[in-house]
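Please open the model in a viewer and keep the selection panel at hand.

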Amino acid sequence: MTATAAMLEIKDLHAKVGEKEILKGINLTVRPGEIHAIMGPNGSGKSTLSQVLAGRETFEVTSGQVLYQGQDLMALSPEDRATAGIFLAFQYPVEIPGVGNMHFLRTALNAVRRKHGEEEVDAMDFLSLIKEKMKLVEMDQAFMNRSLNEGFSGGEKKRNEILQMAVLDPKLAILDETDSGLDIDALRIVAAGVNGLRRKDRAMLVITHYQRLLEYIVPDFVHVIAGGRIVKSGDRSLALELEQKGYAWVDAQVAGAPAPGARP
Amino acid sequence: MSGEPAFVAAARQSGAAAFQALGGLPTTRQEAWRWTNVQPLGRIPFDAPAPGGGAADLGALQLAPGTVRLAFIDGRWSAAHSSVGALPAGVRLRSLQQALRDDPAAVEALLGQVARAEEHPFTALNAAHLLDGAVLEIDAGVTAPSPIELVFAQRAASPATTHPRVLIRLGAGARAQVAELYAALSTGAYLTNAVTEVSLGEGAELEHAKLQMEGDGGYHVGTLWAAQSRASHLRSHVFSLGALLARSEVSARFDGEGGRCELNGLYVGQGQQHLDHHTSLDHKSPGCTSREVYKGILDGRSRGVFTGAVRVREGAQKTDASQSNKALLLSEDASAEATPQLQIFADDVKCAHGAAVGQLDDQALFYLRSRGIPLPQARALLTRAFAEEVVRGVSVAPWQRRIEAVLARKLGGEVRA
């Protein structure tokens with residue numbers, strides 16, 4: 001055991017959707033300040049893991065345990081997880097016509113503040129706060145007056161996710177394929193935004209299919225997920241190796257040997 | 001009534017005759033009334049409540065302070081609650097009784113000219129009991145100075161019926177915004193049976209909003225009949241927010257080419273509310289455009305009904321008609337019916353329609369909750385967002401604010417800063 005207490009401990013987590021088991025024994029420990037990348041082929045369960053951690057009810061956790069700051073995470077509603085400091089940047093942010101982006105963000109921030117017994121932020125104070133945060137992801141204020149994600153391009157949606165993260169100030173951020181659908185310029189802006197939010201007391205789970213993102217957001221650990229389990233863990237060189245050899249290499253390993261314990 | 005012009009009595013007689021000929025109150029065996037049983041209305045006397053009854057406070061029913069307003073209490077014009085002030089030349093707004101005294105010829109030129117009592121039992125009944133209402137005339141080229149409010153308040157506690165008649169005539173190129181607000185000062189059972197006739201001259205523009213905010217025990221039947229001349233533009237909004245049972249109809253016809261008609265509707269049902277909407281668009285002339293969006297939000301055991309008839313007649317080429325009806329069910333016991341009725345007799349036309357009944361989107365709910373917004377607040381937010389498209393269609397800010405306030409009370413949540 002190291003001196004720092006774990007922020008997130010996932011122990012033998014199994015989850016299914018309908019009758020289909022997708023997570024088949026995930027083990028992972030994340031400490032404050034760490035960035036963990038989770039890589040894997042399509043259908044490996046990496047997005048399911050992010051949704052399960054955020055509390056999506058479509059997935060049923062069948063066994064295992066997830067401790068967040070020592071607390072049983074699975075017992076909490078999605079909103080309680082959020083107010084406890086967990087943030088999921090969606091792979092596909094939802095478009096909600098009719099809800100103003102600014103109003104949504106302030107509602108979310110005030111929900112978190114209420115929960116912590118803090119005073120709500122009024123529209124004026126929020127405006128100055130948001131102006132500051134928007135610089136981080138090079139967003140124009142015009143975005144704030146539009147409906148939430150409605151008609152946003154892929155890059156705009158992802159920037160909006162990182163903006164929400166900046167405003168809500170989470171302890172554990174889960175970035176679910178934040179690089180998908182981004183061109184290189186948008187990727188650079190989004191990655192810079194994320195890097196600007198790195199902190200000693202904040203952990204991140206960066207879920208991605210491609211090594212490319214990890215050139216911008218440099219992880220401390222890399223895990224490879226396949227068939228619902230973490231089959232390989234290492235440092236960032238693992239991502240490069242994976243890039244060279246492809247996911248077929250992982251599949252061969254899964255077929256060959258049972259998964260090792262995932263803690264690097 | 002003494003001194004009343006003969007054509008009024010004639011209109012009452014022919015209304016009564018039409019009501020008889022149509023077989024009285026419709027039954028659910030008639031296609032147009034299949035989903036709405038109005039037979040219980042037969043227990044409410046069709047006569048107006050007696051006049052008088054002391055002071056009434058309509059303050060809460062004002063949409064915008066200081067605006068042009070005609071107010072009616074128990075179906076009769078109330079001078080004390082109205083504020084018309086000095087209107088510019090070319091704009092005349094009077095109660096029906098006033099207009100019959102001052103300018104009967106103007107009333108005669110409008111009354112029954114657009115509405116078809118012979119086709120509609122409630123329009124016939126309204127004619128048979130004609131008593132009061134509003135007459136708005138705007139001469140060619142004149143724009144009404146501000147939005148106009150017509151407030152119909154039910155005060156009498158005893159069961160009774162009022163039959164307001166609103167006549168609106170816009171000359172060529174004239175423009176106006178008119179809201180009709182229906183509400184109650186008591187909680188008893190009563191019936192409002194309103195008829196509005198709209199005649200739009202060439203290129204005229206009317207934005208019309210009906211805010212049906214009747215009392216909990218109230219019954220409401222209201223029909224807007226519109227006839228549009230060439231290149232005229234009608235924007236109609238129907239907000240069904242109150243009443244135990246309500247039927248709102250809009251029937252518009254294009255008498256000339258290049259007309260445009262927008263029909264927006266929002267119905268919000270709770271408890272046992274039954275909210276029925278019937279629209280009918282008659283594309284008689286070529287090159288006309290109609291845009292129809294009706295949305296329903298249904299909770300409790302409420303039921304929403306939408307029937308949208310679009311008729312494109314032979315020769316009405318280049319017609320562009322679209323119709324959309326979406327209903328959101330918030331409880332398992334709520335229900336929604338949607339019946340599009342398209343009859344197309346021309347070949348070079350665009351006609352689209354869509355109807356959907358659904359629940360709140362799980363993904364959207366999860367998205368909001370994942371940001372810390374509690375489930376009830378997330379539900380309210382999405383429900384209000386669903387209504388926004390229709391609410392934003394209203395261009396008069398005070399009307400919009402009033403509707404938002406009612407929605408906030410009924411649904412909770414806020415969607416804007």
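A residue is called buried if 20 or more other C-beta atoms lie within 10 Å of its own, exposed if 12 or fewer do, and partly exposed in between, with C-beta atoms placed from the backbone. The model is predicted, and local features need pLDDT of at least 70, side-chain atom pairs count only at pLDDT 80 or more, and totals for chains, interfaces and linings use all residues. Residues are numbered from 1 along each chain as its sequence is written, while chains are lettered from A and ligands numbered from 1 in the order in which they are written.

**Stop 1: two loop residues of chain A**

Select Glu138(A) first. Glu138(A) is partly exposed, with 14 other C-beta atoms within 10 Å. Its loop runs between helix H4 (123-136) and strand S8 (147-148) of chain A; helices (H or I, at least four residues) and strands (E, at least two) are DSSP runs, numbered from the N terminus. Although Glu138(A) is not a glycine, its phi is positive, at about 50°.

Next, select Asn149(A), which lies in the loop between S8 and helix H5 (154-168) of chain A. Asn149(A) is likewise not a glycine and has a positive phi, of about 65°. Is Asn149(A) buried or exposed? Asn149(A) counts as buried, with 22 C-beta neighbours inside 10 Å.

**Stop 2: helices H5 and H6 of chain A**

Now select H5(A) together with helix H6 (residues 184-196) of chain A. Their axes come within 10 Å and cross at roughly 5°; axes are lines fitted to C-alpha atoms, for helices over the stretch in contact, and angles run from 0 to 180 degrees between N-to-C directions. That angle makes H5(A) roughly parallel to H6(A), since angles under 35 degrees count as roughly parallel, over 145 as roughly antiparallel, 65 to 115 as roughly perpendicular and the rest as oblique.

H5(A) brings Gly155(A), Lys158(A), Arg159(A) and Ile162(A) to the contact, and H6(A) brings Ala186(A), Ile189(A), Val190(A), Gly193(A) and Val194(A). Residues are in contact if their C-beta atoms, placed from the backbone, lie within 7 Å. By class, the contact of H5(A) with H6(A) holds five nonpolar, two polar and two charged residues. Here Ala, Val, Leu, Ile, Met, Phe, Trp, Tyr, Cys and Pro count as nonpolar, Asp, Glu, Lys and Arg as charged, and the others, Gly among them, as polar.

**Stop 3: a sheet in chain A**

Select the strands of chain A in the order S6-S9-S10-S3-S11-S12: these six form an open sheet with mixed pairing. Strands pair if DSSP finds at least two bridges between them. Strand S6 (86-89) and strand S12 (229-234) of chain A are the edges, each pairing on one side only. From one strand to the next, the twist averages 20°.

Within the sheet, strand S3 (residues 35-39) and strand S10 (residues 203-208) of chain A run parallel and are joined by five bridges. Ala37(A) stands opposite Val206(A) in S10(A).

**Stop 4: the interior of chain B**

Move to helix H4 (residues 121-128) of chain B. How many of its eight residues are buried? Eight of the eight are buried, among them Phe122(B) and Leu125(B). The cover over H4(B) includes helix H1 (6-21), strand S7 (165-170), strand S9 (190-200) and strand S11 (218-228) of chain B.

In strand S9 of chain B, select Tyr190(B). Tyr190(B) is buried, with 27 other C-beta atoms within 10 Å. Leaving aside residues up to four places away in sequence, Tyr190(B) touches several others, including Ile44(B), Gln154(B), Pro159(B) and Tyr219(B). The C-alpha atoms of Tyr190(B) and His120(B) are separated by 20 Å, and the two residues are 70 apart along the chain.

**Stop 5: helices H6 and H7 of chain B**

Select helix H6 (residues 375-391) and helix H7 (residues 397-411) of chain B, whose axes come within 11 Å and cross at roughly 155°. That makes H6(B) roughly antiparallel to H7(B). Ala380(B), Thr383(B), Arg384(B), Ala387(B) and Val391(B) in H6(B) meet Gln400(B), Ile403(B), Glu404(B), Leu407(B) and Leu411(B) in H7(B). Six nonpolar, two polar and two charged residues make up this contact.

**Stop 6: where the chains meet**

Finally, display both chains: their contact takes 20 residues from chain B and 25 residues from chain A. H6(B) gives the most to the side of chain B that touches chain A, with six residues. That side of chain B has 11 nonpolar, three polar and six charged residues.

Definitions and conventions:
Contact = placed C-beta atoms within 7 Å.
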